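Please look over the sequence and the structure shown here.

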Amino acid sequence: MIDEEEPPAPSGPRSPPVLVWAGVMVALSLGAAAVGIGLGLLLGGTPNKDIHGAAKPPDATSESKYGGETNLLELPPVIANLAEPSDAWVRVQASIVFDGKAVPKPDLVAAEISEDILGFMRTMTLAQIGGASGLQHVREDLNERASIRSKGLVRELIIQTLVVQ
């Protein structure tokens, strides 16, 4: 039989692994805090130009990808009562996007579209407006009505707010 030798005994006192682990964690934490403070001081003095800069609001008129001049016109707020429940009211704020050269009287078209929105909202029920799919259907229906009313001159009707009370 082969004699197996016992492993050599550790020489010198060994520190417990918990103390070594805790020491490493403290050293890493202090290093991370120092790097964080250094970066904070370095970047804290430079303002973000995108936020604090003189950002100009987008123009209501811009060149379209179709070659014409695209205009954005806000419609007056439309307030109407719903068909069901009769004591519920809805307020719609919208804008229309149209070709400025093709529409001779945009204010007249905007008034006609506002009338259509008022008539349409009076036929709606609260259940038809509810949820994301209901809002999507309302948006599609109003876009279609605006396009028909303007004989295709309005490219899109954008719902800015729709509040039911």
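**Helix H3 and its surroundings**

Val109, Ala110, Ile113, Ser114, Asp116, Ile117, Phe120 and Met121 are the buried residues of H3; buried means under 20% relative accessible area, exposed over 50%, and partly exposed in between, with a 1.4 Å probe and protein chains only. Seen down the axis of H3, these buried residues fall within an arc of 160°, so they line one face of the helix. The arc is that of the directions from the helix axis to the C-beta atoms. An α-helix has 3.6 residues a turn, so residues three or four places apart point the same way. On the other side of H3, Asp107 and Glu115 are exposed.

This is a predicted model, in which local features need pLDDT of at least 70 and side-chain atom pairs count only at pLDDT 80 or more, while totals for chains, interfaces and linings use all residues. Residues are numbered from 1 along each chain as its sequence is written, and side-chain values use heavy atoms, with hydrogens and water left out. Helices (H or I, at least four residues) and strands (E, at least two) are DSSP runs, numbered from the N terminus.

Helix H3 covers residues 106-121, which is 16 residues. At 1.5 Å a residue it should span 22 Å, and its end C-alpha atoms are 22 Å apart, which agrees. The expected span is 1.5 Å times one less than the number of residues in the helix.

What covers the buried residues of H3? The cover includes strands E2 (69-74), E3 (78-81), E4 (89-99) and E5 (154-164), together with helices H4 (126-129) and H5 (131-149). One of the buried residues of H3 is Ser114, with a relative accessible area of 10%. Not counting residues up to four places away in sequence, Ser114 touches Leu75, Pro76 and Val78, where contact means heavy atoms within 4.5 Å.

Helix H5, part of that cover, has 19 residues. From its first C-alpha to its last, H5 reaches 27 Å, close to the 27 Å expected at 1.5 Å a residue. Its buried residues are Gly134, Val138, Leu142, Asn143 and Ala146, and they pack against H3, H4 and E5.

The loop between H5 and E5 holds Ser150 and Lys151. Is each of them buried or exposed? Ser150 counts as buried at 5% relative accessibility, whereas Lys151 counts as exposed at 74%. The side chain of Ser150 reaches the backbone oxygen of Ser147 at 3.4 Å. Lys151 has a positive phi of about 60° although it is not a glycine.

Another loop, the one between E3 and E4, contains Pro85. A cis peptide bond joins Glu84 and Pro85, with omega about -15°. Most residues other than glycine have a negative phi, and most peptide bonds are trans.

Now consider the whole chain. It has five helices and five strands, and from the N terminus on the elements run α-α-β-β-β-β-α-α-α-β. Of the 165 residues in the chain, 22% are buried. Among contacts between residues at least 6 apart in sequence, 66% join residues at least 24 apart. The chain exposes about 12300 Å², and carbon and sulfur atoms supply 60% of it; accessible areas come from the Shrake-Rupley method with a 1.4 Å probe, and for residues only the protein chains shown count as cover.

Methods: Polar contact = N/O pair within 3.5 Å; in protein donor to acceptor, adjacent residues only side chain to side chain.
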